[in-house]
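Biologist: I would like to learn how to read a model of this kind, beginning with a single residue and ending with the contact between chains. Could you take me through it step by step?

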Amino acid sequence: MPDEIKTLSSQLAQDPDSLVFLRLGELLRHKGQLDTAHRVALTGLERHPHLPDAHDLYARILADKHDYERAFDEWDMALRIAPDHVGALKGLAFLYFKIGDVQQAAAHLEAAQRVAPDDPGVAQALAMARGEGGGPADAEAVAGGGATEALTAPEPIAPAAQPLEEARVFAGLEGAQEGLLLLDASGRVLGGALKDSGGRDVTDAVAAYLAGVSQEAARTVKLLGLGKWTGLAAEGNHGHVHLAAPTSDALLLVVRDRAVPMGRLAVIAQRAALAARRWLEAHA
Amino acid sequence: MTAPAAAYGKALDLITRVRSVRGAMLVSAEDGIVVAEQLMEGIKGPAVSALAASLAARLQRAMEAAGVGASLFWHLQAEQGALLVVPTSGGTLVVAVAEPDVNVGLVRLELLRAAEVVG
């Protein structure tokens, strides 16, 4: 293996645009050289930002480093580029297992199985998730086995790792408990929370003011003949907000400080809206 | 200090000359009444201004409660277009109605320039 690493490193040095970084990053990860693997993957990703395998590799390295939030983002990105990417589906299943959301984990494994029906790891993890042998923790280990081998030691899902229902709406997303909020049409909080820059909880106050905004936005664009509203982005003196309607009866709010560009905020909002939609469908 | 009425036309010109902008309005933020407008035919100025002012007020209160301060610019995105708004310090909303392919960054700049003219 060291010889192969040397050979691949040499090839990559000669041709930095080569895809050998995928194999090299994977070998380094297997050897536990996570910092080097991280650098290789990141450099490869910068050169091949639309390559799903590059996002998948980077996500696996991040997961090995226990940076689950960013791993989630990378696997999510891989799926946006290639919705049937088995590695990304297994990786997300692994992360959902980790937070105790067996339902979402199973949904991702089912999607992976549709694409790769002969993958024994997927079948085994799915069976365990369905309670057909082993428990969720075993399924987590199996799901992780294909994507994050370094995490094969199953971590029991302790009560503390099973967040409240409302907290789980945005599981795995950055700012889930300080900058993401899901409301119903009446302004009642369904999930997430908001804190101001001083750390004060402002969830209820903001929710009250936002009641009816969705309907008002809908009326405004209807009057203008613009179809359905898809988002509302606003710049403030000290921060930015983005509103979206994951369903016709719900409103999502994302708040970040001014350091986060509006475009990045829109991406965060899209991911949060997707999570909210899934959660709302599951709890309908 | 409020700009003279002649300046309103100049402010709206800044916005409507941007490609894919269908119209622009100056709206009183307090009561949603149109102060000046340059709109393409078919856009219901008074109704849109009332809703834009109401939306602006709700958004403003929510943003202040969230600790992000006063709204400087907002952008309501829709399937077939957008409404872009800059509130001025004098209580006016500078509003643009645009096609979906509009250059949002450019409209934002012109709205901010217009807001300076209107005051």
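Modeller: Let us begin with one residue, keeping in mind that this is a predicted model: H55(A) has its place in helix 4 of chain A, which spans residues 52-64.

Biologist: Is H55(A) buried or exposed?

Modeller: A residue is called buried if 20 or more other C-beta atoms lie within 10 Å of its own. H55(A) has 29 other C-beta atoms within 10 Å, and therefore H55(A) is buried.

Biologist: What covers the buried residues of helix 12 of chain A?

Modeller: Among the buried residues of this helix are L265(A), R271(A) and W279(A), and the elements that cover the buried residues of helix 12 include helix 5 and strands 1, 2, 3, 4 and 5 of chain A.

Biologist: How many residues does each chain bring to the contact?

Modeller: Chain A gives 34 residues and chain B gives 32 residues. On the side of chain A that touches chain B, strand 3 of chain A supplies the largest share, 8 residues, and the residues of that side divide into 18 nonpolar, 11 polar and 5 charged.

Biologist: How many bridges join strand 3 of chain A to strand 3 of chain B?

Modeller: There are 7 bridges between these two strands, which run antiparallel, and L232(A) stands opposite L76(B) in strand 3 of chain B.

Key:
Residues numbered from 1 in each chain as written. Chains lettered and ligands numbered in written order. Predicted model: local features only at pLDDT ≥ 70, side-chain atom pairs only at ≥ 80, totals over all residues. Contact = placed C-beta atoms within 7 Å. Helix = DSSP H or I, 4+ residues; strand = E, 2+ residues; numbered from the N terminus. Nonpolar A, V, L, I, M, F, W, Y, C, P; charged D, E, K, R; others polar. Pairing = 2+ DSSP bridges. Buried ≥ 20, exposed ≤ 12 C-beta atoms within 10 Å, placed from the backbone.
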